[in-house]
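Take a moment to turn the model around before reading on. The paragraphs below go through the structure one part at a time.

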Amino acid sequence: MRRCRAHHVIAVSMLVFAVAAWAGEGRRASNLFEDPGFEMGASGPWRMDKGKGTTAAFKVDDQDAAEGKRSAFVSVESTGEWGVQFGQIAPGGQAGKTYTFAAFVKSAGEPTQVQLEIERSAKPWDRAVRSEKFTITRDKWTELHATFKVEKPFGEGWFAYVSCNRANV
């Protein structure tokens, strides 16, 4: 069990963000994320945004991974406003196409809830998708999915992230 001081953490491994092109076009899906296996470490394209009053951190290590060698280790000590958003900027999808955002996640302590979300990477920060809340546990890596059809263009790109608004996880 991986713990960080007196609070629990969420581990995220190999986020996958793929166009579901195989559904009607006969093509294989492609991953829109850079460095999906965290091989570039914390200097890669991954980032964590925090709401006002939130205390949280992330590191990339090789202690535990769902696939590959590395994962991101996200600790949330306290939350304010909207909590934590861990992810990266990706190209905005094409209107009319279907996409699936997926992530392998697990809690490193007590069970907690997270969501998958994709929003415009600039004002007005409107969403392309928000999943239901998923409960994750420490006993196994869980693959989460949110599949959606793009209704309008997102020329500024997307910020695709795992969100958590719970303290001490």
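**A walk through the strands**

Let us start with strand β6: 9 of its 10 residues are buried, so β6 is largely enclosed by the rest of the structure. Buried here means under 20% relative accessible area, while exposed means over 50% and partly exposed lies in between (1.4 Å probe, protein chains only). Before we go on, please note that this is a predicted model, in which local features need pLDDT of at least 70 and side-chain atom pairs count only at pLDDT 80 or more, while totals for chains, interfaces and linings use all residues. Residues are numbered from 1 along each chain as its sequence is written, and side-chain values use heavy atoms, with hydrogens and water left out.

Lysine 106 counts as buried because its relative accessibility is 14%. Two strands count as paired if DSSP finds at least two bridges between them. Within this pair, tyrosine 99 has phenylalanine 148 in β10 as its bridge partner.

Now step back to the whole protein chain. Its secondary structure comes to 1 helix and 11 strands, and from the N terminus on the order is β-α-β-β-β-β-β-β-β-β-β-β. Helices (H or I, at least four residues) and strands (E, at least two) are DSSP runs, numbered from the N terminus. Of the 169 residues in the protein chain, 48% are buried.

What lies inside? In soluble globular proteins, nonpolar side chains tend to be buried together. The largest nonpolar core has 31 residues, and Phe86, Val114, Leu116, Ile118, Phe148 and Trp158 are those with the most contacts inside it. Elements giving two or more residues to this core include β6 (98-107), β7 (112-120) and β10 (142-149). A nonpolar core is a set of buried Ala, Val, Leu, Ile, Met, Phe, Trp, Tyr and Cys residues joined through side-chain atoms within 4.5 Å.

Follow β7 onward and you reach strand β8 (residues 127-130), which is joined to β7 by 3 bridges and runs antiparallel to it. Here glutamate 117 stands opposite arginine 130 in β8. The hairpin of β7 and β8 has 6 residues between the strands, and in this hairpin tryptophan 125 takes a positive phi near 55°.

Beyond β8, serine 131 is found in the loop between β8 and β9. Is serine 131 buried or exposed? With a relative accessible area of 5%, serine 131 is buried. Leaving aside neighbours within four places in sequence, serine 131 is in contact (heavy atoms within 4.5 Å) with Gln115, Leu116 and Ala146. Next comes isoleucine 136 in strand β9, which counts as buried because its relative accessibility is 0%. Its C-alpha atom is separated by 9.5 Å from that of alanine 108, 28 residues apart along the chain.

Contacts across the sequence show up in the whole chain as well. Among contacts between residues at least 6 apart in sequence, 73% join residues at least 24 apart.
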